[in-house]
Amino acid sequence: MPILLNADTSFSSKQELLDLQNGTMDPSLDTPSPLNSHEDSPLYGVEVPAETPLGLKLISTDSEGLCGWGALTPRSIQTFNTPRWVLFFLCVASFLQGMIINGFINTVVTSIERRFDLRSYQAGLIASSYDIAACVCLAFVSYFGGTGHKPRWLGWGVLVMALGSLVFALPHFTTPPYHVSIPERTGVCTGNRTSPCHDSEGGGLSSYRFVFMLGQFLHGVGATPLYTLGVTYLDENVKSSYAPVYIGIFYTAAIVGPAAGYLLGGHFLNIYTEVHMTTELTPENPLWVGAWWIGFLAGGAAALVIALPILGYPRQLPGSQKYVAMRVSEAHQLKDGSQASASDPQFGKSVKDMPRSVLLLLKNPPFLFLCLAGATEATLIAGMSTFGPKFLESQFSLSASEAATWFGYMVVPAGGGGTFLGGYIVKKLNLRCRGIIRFCMVCALVSLLAIFIFLIHCPNVPMAGVTAPYRSNLSLLGGNLTVGCNADCHCLRELYNPVCGADGVMYYSPCHAGCSTINHTEISTGRRVYLGCSCVVGGNVTSGQEGLALDGKCTSSCSHMPAFLTFLFIIISFTFLCSIPALTATLRCVPDNQRSFGLGIQWIVVRSLGGIPGPIAFGSVIDISCLLWEDQCGEQGSCHLYQNSAMSRYTLIAGIIYKVLGTLFFLLASVLYKPPPESPQSSCESTDHGPGDSGGETGDLPIKDLPPEIIANVHTRL
């Protein structure tokens, strides 16, 4: 009698499926690789016979395992009920998640700091709110979602993530318009000046950081199922030899997403934040705030749309059960053999099993060290992705949009290419668990060597009174901006509008440079030219340019940018090259029943030890490097100028520490890993078993197969 495997039947382990019935099956019907066409399959695009040459009896069913929403299961959409279409929709979701959370947010850090008077550590706390939310939800989602209806968990998660994006954009619509009065803010020297603190309308805007944190918290809640249940849903529905490629493509989309976020975010930052208003400011002006909120509205709307098809997928794709049975376990063997309890079909279906499940994972040394290695990598990734554009902006005197665009150019080929290539290498070399871990260790070593590029840094552009003395008083430094040449101007610290003098020195404002008049505005650049600047004298001033200053920061003459970007490319590439292999090793070193929960626990460790402290730590390091703080009516605001040498030095120290720890953890995971006796030991052997597989010695491995008669969905192209 045929056995019905329907959408309400969930098999998270091989043993649970095989206990149904012993039998023989030819597993030559494989999931096609997304890299190869399967149109030559005899089952592709044609009516499936009741009895196939494979010995499987495929019996039509009209309600179970179909793609749809409740009772609505149109025959026309069953074409999408395949692993490749699941991969497509999950890739779009992960692309949007990466673009919004790891792209747009990191791109607009400088802008929201300026717009809402935030410090770097506060911006880091906003970034970390995402990981805080994930840590709160991960155990619950991965444990109950692992035995539940994964596509529904995934779809609702994407909807919550969309809500978070809309909340994150909300402060733009609830705050007064950002308006800078150019005639006053140009701040030429005058003896009668009023302080903007008396009628400042920007006071209290820093409280909006809690709205940003709420938006990020919702982002974290919504994205939690994506990289735990999404990964295991793919892994369960394809042949294990193809799983690294599917997961690699999935994570590549997640890496390309931030790259697109950097590029689009850089473009949006060239649009003035108040799109309905005109301004005389230019993007190069430090007072400029771009349209940081557009990306969140667009990304949130797209996430709402993509959630609908994900919600329509069944608990398990038709025909996926055979892949569970074909897989040979590579789970780490504990000394007391307690990992065998995880093969119980009922294990993990009750909340009472959660403590025992956690204990089994904690007794698994390779799993623990892979988690710690992931935490060290996540610290650097989270820190550099949040403040990487700001690092480029400070080191090479770039605008916020230019820095975000350059960083995006690095992440697109390096992060995306490294992620996809890592999964492809595991598939091509058919690496086993220990070989995968060793590959990760080599990648960590290469990126460790490349990180010494941070020994090189660019000198600060000289700024009068901060990094260089005024010509009229060579002894004053340390932030003393008032000297004899501008003492009668009564300049205000609240009005920051730097100008570049003809002597190559940057001044806090035209007033602090002693400028008396605005001569004209350059048409090509939109930058104002000031005359009569009493502090711009002597030194490098050429004849005829005495007392002349140009609006905006001085350009940097540093030539290290090409070399720095080259080594940054190497660091990003090899960091992401080991991401999919490390994830694959995690899935293989734990029992089948614990894969979803194991990924959830791993993400908790990675985020609590890496993702959460990473941005906060890097933000604090950058704050320590600050030379000149904004004065917000007696209160400290955001940083105007950083010391480049200190920023590079602290980043290098942090990079070396975490890369060394990551290499060590991979080494320990490899040494302590103990495969089961029946697991393939050679890197050329397959973890998929069946009479039709060409696995050499693997054909003799003891394994049960699927029953010969299986109910399948014939509406679906296999």
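In the predicted model described here, helix H8 (residues 229–236) and helix H9 (residues 243–268) pack at an angle of about 150°, and their axes lie 9 Å apart; axes are lines fitted to C-alpha atoms, for helices over the stretch in contact, and angles run from 0 to 180 degrees between N-to-C directions. Helices (H or I, at least four residues) and strands (E, at least two) are DSSP runs numbered from the N terminus. In the contact between these helices (heavy atoms within 4.5 Å), Val-231, Leu-234 and Asp-235 of H8 meet Ala-243, Tyr-246, Ile-247, Phe-250 and Tyr-251 of H9. The residues of this contact divide into seven nonpolar, no polar and one charged, where Ala, Val, Leu, Ile, Met, Phe, Trp, Tyr, Cys and Pro count as nonpolar, Asp, Glu, Lys and Arg as charged, and the others, Gly among them, as polar.

Residues are numbered from 1 along each chain as its sequence is written. Local features need pLDDT of at least 70 and side-chain atom pairs count only at pLDDT 80 or more, whereas totals for chains, interfaces and linings use all residues, and side-chain values use heavy atoms, with hydrogens and water left out.

An open sheet is formed by five strands in the order S3-S2-S6-S5-S4, with antiparallel pairing; two strands pair if DSSP finds at least two bridges between them. Strands S3 (506–507) and S4 (517–521) stand at the edges with a single partner strand each, so one side of each is left without a neighbour in the sheet. S4 is joined by four bridges to the antiparallel strand S5 (residues 528–531), with Thr-521 partnered by Arg-528 and Ile-518 opposite Tyr-530. S5 is in turn joined by two bridges to strand S6 (residues 549–551), also antiparallel, and here Val-529 stands opposite Leu-550.

Three salt bridges are counted, each defined as a side-chain nitrogen of Lys or Arg within 4 Å of a carboxyl oxygen of Asp or Glu. Glu-113 and Lys-390 meet at 2.7 Å, N to O, and this pair links helix H3 (residues 109–116) with helix H13 (residues 365–395), 277 residues apart. Glu-113 is buried (under 20% relative accessible area, with a 1.4 Å probe and protein chains only) at 4%, and Lys-390 is buried at 6%. Glu-377 and Lys-659 meet at 3.0 Å, N to O; Glu-377 lies in H13 and Lys-659 in helix H20 (residues 644–672), so the pair ties together parts 282 residues apart in sequence.

Notes. Buried means under 20% relative accessible area, exposed over 50%, partly exposed in between (1.4 Å probe, protein chains only).
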